[in-house]
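Me: Hi! I'd like to walk through this structure with you, one topic at a time. Could you start with the aromatic rings?

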Amino acid sequence: MFRHILVPLDGSRLAAAAVPFAVTLSRAFDARVSLLGVVEPFPEFARLPNAAMQEADERQVTVSAAYLESVATAMRARDLAVTTVVRHGNPAVEIMAYAEEAECALIVMGTHGRTGLDRVRMGSVAQRVLRYAVVPTMVVRPPKAESPADEAPIAGVTATLDGSVWAEEALPIAARMARALAVPLTLFRVIPTWSYLVGAGWDGGYYESENEEMMRDEERAVEEYLEAVAARLRAPGLAVRTHWQRSAANRVEEDIAAYLAEQPAGITTMASHGRGGVLLWALGSTAEGVLDRAPCPILVVRAGTLDDTDKMHISASPTTRTRAAGA
């Protein structure tokens, strides 16, 4: 599936956090890796003489090329096929353009934020790539250690679901990744606690939460849904587990992030709506909330971009579909 992996690098330690994960995935899928550096043009307000700008630009290209080659050399020593590329322009635009031109199957990139995507240094490069790239993109958080390992251990894959067909579009990639890495796949869902308008009239109304019977029915429906999905995914060499939990405070992104924090050395897959990117995934801001909070790498698959051979149609129960649609 992932025959060509793209890793954008800008020379920083935080961006380089993506490299160990690219190494692990390259080994698992026998994929080649392209390291991409983007040199941004000087802004017009710099008002530098043409000769000075050209010299400075050439210097940036030389520095970027040398850095990329140093990373590539270390990766080649691990018997990986690695090439380096330096381009000019807007980083996000060039990352997406090269990914399509070179037929990359996966982008693996680090963020520069203290708490996630809203504080990336390069003017929301990661956000733009996640929202608009047609290529699946994995975002890697800054490492806690000063020197990350040469190869990242991945102990499991979690696929977050909400009962919608959109969320399920990440399942083929999640399953193939878990199988290639020889790790278990966990299907995870958070169940919100619903309230209903009761006694509406001229003077307004009031809301009541679900009663115990309604909650048990919903939980049973979710269990059946997850198990039905798991049954379709299970195959030789792939162990599939299911897990759900109820959100008392209805802060789904916080519940997902908290669960992922308990999964050591794991990665997570999520799907986004094709039109508006991550912001329109599932419950509105849920995906960005998870991306901002979860400590593990997040692989985002844009709905509607998988080849027909990679798509997997999994039917859920009518109850689950209805509740997801009303989320």
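Reply: Happy to! First a definition: rings of Phe, Tyr and Trp (its six-membered ring) pair if their centres lie within 6.5 Å; planes under 30 degrees apart count as stacked, over 60 as edge-to-face and the rest as tilted. With that rule, a search of the whole structure finds two aromatic pairs. Please keep in mind that this is a predicted model, where local features need pLDDT of at least 70, side-chain atom pairs count only at pLDDT 80 or more, and totals for chains, interfaces and linings use all residues. Residues are numbered from 1 along each chain as its sequence is written, and side-chain values use heavy atoms, with hydrogens and water left out.

Me: How are the rings of F2 and F29 arranged?

Reply: Their centres are 4.9 Å apart and their planes are at 70°, so this pair is edge-to-face. F2 sits in the segment before β1 (4-8) and F29 in helix α1 (residues 18-29), so to speak two distant parts of the chain, 27 residues apart. Helices (H or I, at least four residues) and strands (E, at least two) are DSSP runs, numbered from the N terminus.

Me: Are F2 and F29 buried or exposed?

Reply: Both F2 and F29 are buried. Buried means under 20% relative accessible area, exposed over 50%, and partly exposed in between (1.4 Å probe, protein chains only).

Me: And what about F188 and Y259?

Reply: F188 and Y259 are stacked, at 4.0 Å centre to centre with 10° between the planes. F188 lies in strand β7 (residues 185-192) and Y259 in helix α8 (residues 252-261), so the pair ties together parts 71 residues apart in sequence. F188 counts as buried at 1% relative accessibility, and Y259 counts as buried at 10%.

Me: New topic: how many salt bridges does the structure hold?

Reply: There are 13. A salt bridge is a side-chain nitrogen of Lys or Arg within 4 Å of a carboxyl oxygen of Asp or Glu. One of them joins the side chains of E151 and R27 (3.3 Å, N to O). E151 is in the loop between β5 (137-140) and β6 (156-160), while R27 is in helix α1, 124 residues apart.

Me: Which residue forms a salt bridge with E101?

Reply: R87 does, with the closest N and O atoms 2.9 Å apart. E101 lies in helix α3 (residues 91-101) and R87 in strand β3 (residues 82-88). E101 is exposed, with a relative accessible area of 56%, whereas R87 counts as buried at 19%.

Me: Where is D57, and what is around it?

Reply: D57 is in helix α2 (residues 50-76). D57 is buried yet has no salt bridge, and the nearest side chain of opposite charge, R59, is 10 Å away. For charge, Lys and Arg count as positive and Asp and Glu as negative; His and the chain ends are not counted. The side chain of D57 does make a polar contact with the side chain of H88 (2.9 Å). A polar contact is a pair of N or O atoms within 3.5 Å; within protein, one must be able to donate a hydrogen and the other to accept it, and residues adjacent in sequence count only if both atoms are side-chain atoms.

Me: Last one: where is E227?

Reply: E227 is found in helix α7 (residues 212-233). E227 is partly exposed, with a relative accessible area of 36%. Its side chain makes a polar contact with the side chain of R234 (2.7 Å).
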